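Subject: Structure for you to look at

Hi,

Here is the structure I promised to pass on.

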Amino acid sequence: MKVLHLDTNHPLLLEQFSELGFENDEDYQSTKEQVEKKIHLYDGIVIRSRFTIDQQFLDKATNLKFIGRVGAGLENIDTAYAKQKGVFLASAPEGNRNAVGEHALGMLLSLMNKMNKANRQVKKGKWDREGNRGVELEGKTVGIIGYGNMGKAFARKLKGFDVEVICYDIIGGVGDENARQVGIMEFQQKSDVVSLHVPQTELTLGMVNSEFIEGFHNPFWLINTARGKCVVTKDLVEGLKSGKVLGAGLDVLEYEKKSFENMFAQKPKALKYLRKAKNVLLTPHVAGWTVESKIKLAQTIVDKVKDRFC
């Protein structure tokens with residue numbers, strides 16, 4: 001098969017596809033329109049988040065047999081239309097779930113123990129022990145929304161912390177030995193920590209809004225390593241100001257573009273608040289972006305394509 005690689009990835013993708021007898025072409029610069037003019041020549045494409053693969057693109061990809069999405073989500077692909085056309089979709093949530101679980105836990109511990117704030121103060125010569133007194137995770141209830149690859153990985157990381165872990169998911173029967181599945185009412189009544197691990201869909205867009213936040217019985221810590229647009233930022237800011245949200249660890253932001261570029265060209269008030277807030281920890285969409293996950297993501301795509309076509 002002839003495969004077009006549209007984003008740079010770990011070289012093992014090219015190497016192992018070649019070993020399978022595939023012909024690899026790389027094009028990391030052409031516009032979407034330019035790619036559309038030649039996409040009919042290819043049996044497969046490998047992409048991260050360079051552009052959206054919509055119906056127009058798929059109609060031009062007359063020989064396309066698979067799309068390898070080197071990442072967890074498929075929101076930049078019209079999945080329904082691709083499946084209708086018989087295109088095999090290979091994403092790789094298995095490749096970075098461990099990295100996401102570790103990152104979410106790291107953010108939570110850092111927030112609860114004020115590590116970011118304390119680090120900045122000590123480096124500036126300020127030694128404030130009382131002002132940086134933390135709270136312990138032990139005895140808390142951690143609520144996970146979305147109990148798939150990422151949610152399960154986070155739950156595994158919480159073993160040994162003596163916490164109760166509950167999960168909420170629109171799919172029934174996903175709970176396991178690491179998390180008890182509950183309904184939304186119990187979830188909001190019991191959770192002291194809320195960690196998002198959902199894909200971006202019509203159901204999850206703007207899911208964390210004022211009504212959602214106010215529905216919780218306890219003030220809670222929010223961790224989002226999923227998708228930025230699942231959280232209405234201005235509503236989160238109001239929650240932080242009121243104390244309903246004790247702190248937030250955000251690896252993703254509502255204002256991200258699909259290419260994750262030009263983040264700070266936009267200057268909404270809510271983003272300004274997050275950048276200054278001492279109880280907010282921000283990272284640049286790197287939860288699943290480790291040295292190890294780069295290898296695992298690529299290998300997962302190769303394995304899935306090999307299993308399907310070889």
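This is a predicted model: local features need pLDDT of at least 70, side-chain atom pairs count only at pLDDT 80 or more; totals for chains, interfaces and linings use all residues.

Is Gln 121 buried or exposed? Gln 121 is buried, because its relative accessible area is 12% (buried means under 20%, exposed over 50%, partly exposed in between, with a 1.4 Å probe and protein chains only). Its place is in helix H6, residues 115-123 (helices, H or I of at least four residues, and strands, E of at least two, are DSSP runs numbered from the N terminus). Beyond its neighbours within four places in sequence, Gln 121 is in contact with Lys 126, Asp 128 and Asn 132 (contact means heavy atoms within 4.5 Å).

Residues are numbered from 1 along each chain as its sequence is written, and side-chain values use heavy atoms, leaving out hydrogens and water.

Now the sheet. Seven strands form an open sheet with parallel pairing, in the order E8-E7-E6-E9-E10-E11-E12 (two strands pair if DSSP finds at least two bridges between them). At the edges are E8 and E12 (280-282), each pairing on one side only. Further in, E9 (residues 193-196) and E10 (residues 220-224) pair in the parallel sense over four bridges, and Val 194 stands opposite Leu 222 in E10.

Finally, Ile 171 sits in the loop between strands E7 (164-168) and E8 (180-181). Ile 171 counts as exposed because its relative accessibility is 52%.

Cheers
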